[in-house]
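Have the coordinates open and follow along.

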Amino acid sequence: MIPPDLVEEVVVNILRTAVTTLPSDVVSELQKAEAEESDEIARTQISTILENVRRAGEIAVPMCQDTGIPLFFVSGGCISEIEDAIKRGVVRATEEVPLRPNVVHPLTRRNAGNNLGIEMPHVNYSPGPRDYVDITVMPKGAGSENMSALRMLVPSEGIRGVKSFVLDTVVSAGSRPCPPTIVGVGIGGSSDIAMTLAKKALLRPLNVRNPHAELQALEEELLAAINQTGIGPMGLGGKTTSLGVRIDMAHCHTASLPVAVNLQCWAARKASARIFLDGRVTYSTEGFW
Amino acid sequence: MRIKTPLSEEVVRSLKVGDVVHLDGVVYTGRDEVHMRALDMCDKGEKLPVDLNGAAIYHCGPIMRKKDDSWVLVAAGPTTSARMNSLEPRFIEGFGIRAVIGKGGMSQPTIDAMSKFGCVYLAITGGAAVLAAMGVTKVLGVEWLDLGMPEALWILEAGNLGPLIVGIDAHGDSLFKKVEEEVSRNLPFARRRLGIG
């Protein structure tokens with residue numbers, strides 16, 4: 001039995017790590033982009049981003065003031081008290097890191113100041129082996145999240161329709177999601193499943209290949225096309241509009257072809273912990289793949 | 001180039017798209033809620049708690065930490081300016097602001113208002129909140145804290161805040177619009193690459 005106090009402590013730790021450290025796969029893609037950009041404004045944007053990430057790590061403060069909303073992915077042997085422990089961890093992290101209190105009532109816009117609210121923090125569960133619990137936090141900023149899009153294609157639109165929708169979504173988002181972005185795509189399932197897939201697809205590091213060969217090929221093709229648009233870092237023009245495309249899929253109804261896009265800003269922050277039954281904890285910013 | 005608030009129309013009109021500036025002086029944060037409340041007060045003929053004439057408005061919801069009785073700035077990058085698209089033209093006209101700092105640019109009505117009343121849009125790198133905070137020397141105060149930390153009106157003292165790129169100048173030019181035109185030209189090639197041309 002994993003003690004709830006340990007979960008609370010781990011949640012504070014992964015939130016702190018997530019907002020102050022950029023996963024190494026993202027840093028490495030940004031460095032490649034910095035070397036490849038010939039336009040001065042574009043290169044300056046990426047150098048500024050990398051310098052900002054370095055400073056944030058050095059002094060252990062959030063790299064971006066938008067520390068997002070607290071989205072959690074929990075898998076393994078779930079414990080019943082985990083949600084309360086996560087809430088306590090979020091409240092503590094908001095105070096101690098500190099995080100910006102971002103969570104408000106959707107209609108009154110009242111801010112309780114502690115990042116708690118109805119369904120917030122949000123926890124996604126997937127049951128798994130009973131000998132450990134994996135907790136991943138993805139503090140998702142609003143600039144990129146606001147550019148999310150869903151389209152219920154008709155099956156005859158097929159792969160062409162999917163490609164077109166993804167490209168159009170990135171183009172119409174333009175400068176707003178803080179490019180260079182990572183483009184999460186969910187294909188199939190139902191409307192809600194496609195959206196969840198698009199978000200979960202963003203959890204896969206940029207250096208881990210898609211297990212489905214056809215999706216791997218589609219990711220590469222879409223990335224090349226997106227970077228041909230010239231939106232560039234911060235929408236100021238350049239070669240680097242996105243650092244990667246990540247696609248997940250699910251089987252769907254014979255009459256449906258849902259496709260969802262969830263954009264991630266360059267500050268693709270996440271951190272994970274694996275808690276074993278004996279109390280050992282392993283941490284990672286890339287997750288456990 | 002260094003510029004200092006309150007800004008004169010002459011200084012603002014001298015700037016051109018693509019120029020790089022650093023800013024000194026008082027900067028007011030303001031995003032959705034500040035814009036809405038200020039415009040609402042303006043409509044009712046009420047006076048704002050701050051004088052925005054010649055001011056720089058920063059689309060920013062900072063992270064602040066309270067230390068004893070004063071506020072310490074932790075992180076202060078820009079938020080997406082486009083959310084204020086429908087509010088900014090009236091804001092520029094009504095309060096006489098001379099600079100808007102943000103990310104991502106703004107739409108045609110704001111470009112028009114900037115050209116008509118003499119105001120510029122200064123782009124700061126999105127997400128680079130630690131570097132931006134290093135360009136703020138002091139938190140001078142806060143108004144409307146009831147709106148919550150991100151939405152409140154923070155009064156900041158900038159010291160060499162930047163680099164800021166002139167994204168929209170006071171002559172109707174927009175760097176973002178130029179990029180959008182370039183994207184429209186590139187899009188058919190990107191579509192052809194995907195076999196959907």
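A residue is called buried under 20% relative accessible area, exposed over 50%, and partly exposed in between (1.4 Å probe, protein chains only). This is a predicted model, in which local features need pLDDT of at least 70 and side-chain atom pairs count only at pLDDT 80 or more, while totals for chains, interfaces and linings use all residues. Residues are numbered from 1 along each chain as its sequence is written, chains are lettered from A and ligands numbered from 1 in the order in which they are written, and side-chain values use heavy atoms, with hydrogens and water left out.

Let's begin with the salt bridges. Such a bridge is a side-chain nitrogen of Lys or Arg within 4 Å of a carboxyl oxygen of Asp or Glu, and a search of the whole structure finds 27 of them over all chains.

| Pair | N to O distance |
|---|---|
| Asp168(A) and Arg191(B) | 3.5 Å |
| Lys44(B) and Asp40(B) | 3.2 Å |
| Arg90(B) and Asp43(B) | 3.9 Å |

Asp168(A) sits in helix H6 (residues 158-173) of chain A and Arg191(B) in helix H6 (residues 175-193) of chain B, so this pair joins two chains. Helices here are DSSP runs of H or I with at least four residues, strands are runs of E with at least two, and both are numbered from the N terminus. Asp168(A) is partly exposed at 35% relative accessible area, and Arg191(B) is partly exposed at 21%.

The salt bridge between Arg90(B) and Asp43(B) links distant parts of the chain: Arg90(B) belongs to helix H3 (residues 88-95) and Asp43(B) to helix H2 (residues 32-43), 47 residues apart. Arg90(B) is partly exposed at 42%, and Asp43(B) is exposed at 59%.

Back in chain A, a network of salt bridges links Glu8(A), Glu9(A), Arg88(A), Arg92(A) and Glu96(A).

Now for a polar contact, meaning a pair of N or O atoms within 3.5 Å; within protein, one must be able to donate a hydrogen and the other to accept it, and residues adjacent in sequence count only if both atoms are side-chain atoms. Which side chain does Asn210(A) contact? The partner is the side chain of Glu219(A), at 2.7 Å. Asn210(A) is in the loop between helix H7 (191-201) and helix H8 (213-228) of chain A, and counts as buried because its relative accessibility is 6%.
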